[in-house]
Amino acid sequence: MPRLFTALEIPRNAAMSLSLLRGGLPGARWIDVENYHITLRFIGDVDGRTADEIVNRLDRIDREEIQLSLSGIGSFGSKKPHSIWAGVSPSPELNALQAEIERICQRIGLTPDPRRFTPHVTLARLRSARVEDVVHYLAGRGNFHTMPFTAARFVLMSSKESVGGGPYLTEEVFPLQESRVDYGSSEHYAESIGR
């Protein structure tokens, strides 16, 4: 069975903005634009029955679509940087979806994800990049941000065993509900100001 993970896809306009960050860093292996995503939960190699159970449970998630934007860039691995990423603006809805997926995975019997959820889009994997080159690269691009976008679904993806970065295959799609809040309505406005 291929390695599985759940993710949010990056829409084309945000992916194009991310692609402008490519280049200018020796030792970087840049991720292909079509492989940009926000990982929600790495699942790994599981047998077919476990994969079916995961799909069955993920299909029952009933959450609204999520408004997101990408902002800022950084690196993982402070003394020996190993990847460059674009950050995701804080979103309680995103954190709640990720936490629900984590609970589902644990109920199925998968071990808890040991890493704290840090939503990001990986832009490059680094091989022997010098810390000063990474610092210089990041310093020139710190004000990066995209226009807000809507995540209307999350996906179960697979990757072949590799050094990371794709290609990824979408195995299943799980729609999120259209937002039930009409921000333009006068009733919602009256509620929001306490009338």
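**Exercise 1. A residue in a loop**

Leaving aside its neighbours within four places in sequence, which residues is Ser 69 in contact with?

*Solution.* Keep in mind that this is a predicted model. Start by finding the place: Ser 69 sits in the loop between strand S4 (66–68) and S5. Next, list its contacts, leaving out neighbours within four places in sequence: Gly 87, Val 88, Ser 89, Thr 146, Met 147, Pro 148 and Phe 149. Last, check the accessibility. Buried means under 20% relative accessible area. Ser 69 has 16% relative accessibility, so Ser 69 counts as buried.

**Exercise 2. Another loop residue**

Find Ser 128 and decide: is Ser 128 buried or exposed?

*Solution.* Ser 128 belongs to the loop between S7 and H4. Its relative accessibility is 69%, so Ser 128 counts as exposed. Now look at the backbone. Most residues other than glycine have a negative phi. Ser 128 has a phi near 50 degrees, a positive value in a residue other than glycine.

**Exercise 3. Aromatic pairs**

How are the rings of Phe 5 and Tyr 168 arranged?

*Solution.* A pair of aromatic rings is described by the distance of the centres and the angle of the planes. The count of aromatic pairs comes to four. In one of them, the ring centres of Phe 5 and Tyr 168 are 5.2 Å apart and the planes are at 80 degrees, so this pair is edge-to-face. Now place the partners: Phe 5 is in strand S1 (residues 3–9) and Tyr 168 is in strand S10 (residues 168–175), so the pair ties together parts that are 163 residues apart in sequence. Phe 5 has a relative accessible area of 4%, so Phe 5 is buried.

Trp 30 lies in strand S2 (residues 28–30) and Tyr 137 in helix H4 (residues 131–139), so parts 107 residues apart in sequence are tied together. Both Trp 30 and Tyr 137 are buried.

**Exercise 4. The two sides of a helix**

*Solution.* The buried residues in H4 are Asp 133, Val 134, Tyr 137 and Leu 138. Seen down the axis of H4, the buried residues fall within an arc of 130 degrees, so they line one face of the helix. The buried residues of H4 pack against S2, strand S5 (70–76), strand S6 (83–88) and strand S7 (120–126).

**Exercise 5. Nonpolar cores**

How many residues does the largest nonpolar core have?

*Solution.* The largest nonpolar core has 49 residues, and Leu 18, Leu 123 and Phe 154 have the most contacts inside it. Helix H3 (residues 92–108) gives the largest share of this core, five residues. Now zoom in on Leu 18: not counting residues up to four places away in sequence, Leu 18 touches Ile 10, Tyr 36, Leu 70, Ala 86, Val 121, Leu 123 and Phe 144. There is also a second, separate core of five residues, including Phe 5, Val 155, Met 157 and Tyr 168.

Methods. Residues numbered from 1 in each chain as written. Predicted model: local features only at pLDDT ≥ 70, side-chain atom pairs only at ≥ 80, totals over all residues. Heavy atoms only, no water. Phe/Tyr/Trp six-rings, centres within 6.5 Å; stacked < 30°, edge-to-face > 60°. Helix = DSSP H or I, 4+ residues; strand = E, 2+ residues; numbered from the N terminus. Buried < 20%, exposed > 50% of the residue type's maximum accessible area, 1.4 Å probe, protein only. Arc of directions from axis to C-beta. Contact = heavy atoms within 4.5 Å. Core = buried A, V, L, I, M, F, W, Y, C linked by side-chain atoms within 4.5 Å.
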